[in-house]
Amino acid sequence: MVAKEEQEGAEVPAGIADTTAVAARWATFRHYGASPWEIETLYDTLARSFDVDDAEVAADDPQYVTMVDISFPLPFGEPFFQEFTMDSWHKIKGVLKDMKRRRGKKGVKTYVKFAGFGNTAIPVVFPLLSRGDRQYEMGIEKIEYLVDIVPLQLKTAPAGAQEILFSYDEATFKWSPGVARVGNDAGANLIFKGNEWVEPAPKKNSGPVV
């Protein structure tokens, strides 16, 4: 399956001044190990509201037989659910939960991304990596209830953050900020600890240097 514009053979006219606005309407959909029905249903649901850049990618983790990565071109918040509609959101959730049940313990990892939050253009990501069906379902069901919480959690987002990944705690059934990517160097990432962003603790040497 290819992006809608490519299917129709259409080209973006030259001379468009606001290229950001054009690009902002594209959702991206990456996957591996998904069935044709799962791919088609997710694609068609996304295409109700956006143009879709869809591609199958190579499997990169033997612990998971299936991966789905969806990036929405809108910030996370109430306006997103109004525009995308709750019907479409429930459809996406339903396919993902059914996918997890079908795979069982074989493993499904999912990334749900948004172009920002509130009036902030820092992308936010909700990764779902749980192997348990119930925990996976709980995690995805709780995302829509975070619209008022995420701006409060991220009111002190670190300067220069390029992306913020949330973490789902299976013990407390809560989402919270996890990691802020602040540069191309993984060592520059910050973690959210004690209600503040801090540098990760340095790794300990595994043994004496010979």
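Arg103 is a buried residue, with a relative accessible area of 14%, where buried stands for under 20% relative accessible area, exposed for over 50% and partly exposed for what lies in between (1.4 Å probe, protein chains only). The model is a predicted one, in which local features need pLDDT of at least 70 and side-chain atom pairs count only at pLDDT 80 or more, while totals for chains, interfaces and linings use all residues. Residues are numbered from 1 along each chain as its sequence is written, and side-chain values rest on heavy atoms, with hydrogens and water left out.

Arg103 belongs to helix H5, and its side chain is joined to that of Glu38 by a polar contact of 2.7 Å. A polar contact is here a pair of N or O atoms within 3.5 Å; within protein, one of them must be able to donate a hydrogen and the other to accept it, and residues adjacent in sequence count only if both atoms are side-chain atoms. When neighbours within four places in sequence are left aside, Arg103 is in contact (heavy atoms within 4.5 Å) with Gly33, Ala34, Ser35, Glu38, Val65, Thr66 and Val108.

The secondary structure of the chain consists of seven helices and eleven strands, taken as DSSP runs numbered from the N terminus, with at least four residues of H or I for a helix and at least two of E for a strand. Of the 210 residues of the chain, 41% count as buried. Among the contacts that link residues at least 6 apart in sequence, 65% join residues at least 24 apart.

The largest nonpolar core holds 47 residues, of which Phe72, Phe76 and Phe126 touch the most other members; such a core is a set of buried Ala, Val, Leu, Ile, Met, Phe, Trp, Tyr and Cys residues joined through side-chain atoms within 4.5 Å. Beyond its neighbours within four places in sequence, Phe76 is in contact with residues including Phe81, Phe114, Phe117, Phe126, Ile143 and Leu146. Phe72 also takes part in the lining of the largest cavity, together with Ile70, Trp89, Ile92, Leu96, Val112 and Ile140. Helix H5 gives the most to this lining, with three residues, and the lining residues divide into seven nonpolar, no polar and no charged.

In helix H6 (residues 133-142), the buried residues are Gln135, Tyr136, Glu137, Met138, Gly139 and Ile140. These buried residues pack against H5 and also against strands E5 (108-114), E7 (124-128), E8 (163-169) and E9 (174-181). Ser71, in strand E3 (residues 66-71), is likewise buried, with a relative accessible area of 17%. Apart from its neighbours within four places in sequence, Ser71 is in contact with Ala27, Thr28 and Lys113.

Two loop residues other than glycine have positive phi values. Thr85, in the loop between helix H4 (78-84) and helix H5 (86-103), has a phi near 80 degrees, and at 33% relative accessibility Thr85 counts as partly exposed. Asn195 is placed in the loop between strand E10 (190-193) and strand E11 (196-198); its phi is near 65 degrees, and Asn195 is exposed, with a relative accessible area of 68%.

How values were computed: On a 1 Å grid over the protein atoms alone, a cavity is a set of points where a 1.4 Å probe fits but cannot get out, and a pocket is an open set with protein on both sides within 12 Å along at least five of seven lines; lining residues have an atom within 4 Å of a point. Ala, Val, Leu, Ile, Met, Phe, Trp, Tyr, Cys and Pro count as nonpolar, Asp, Glu, Lys and Arg as charged, and the others, Gly among them, as polar.
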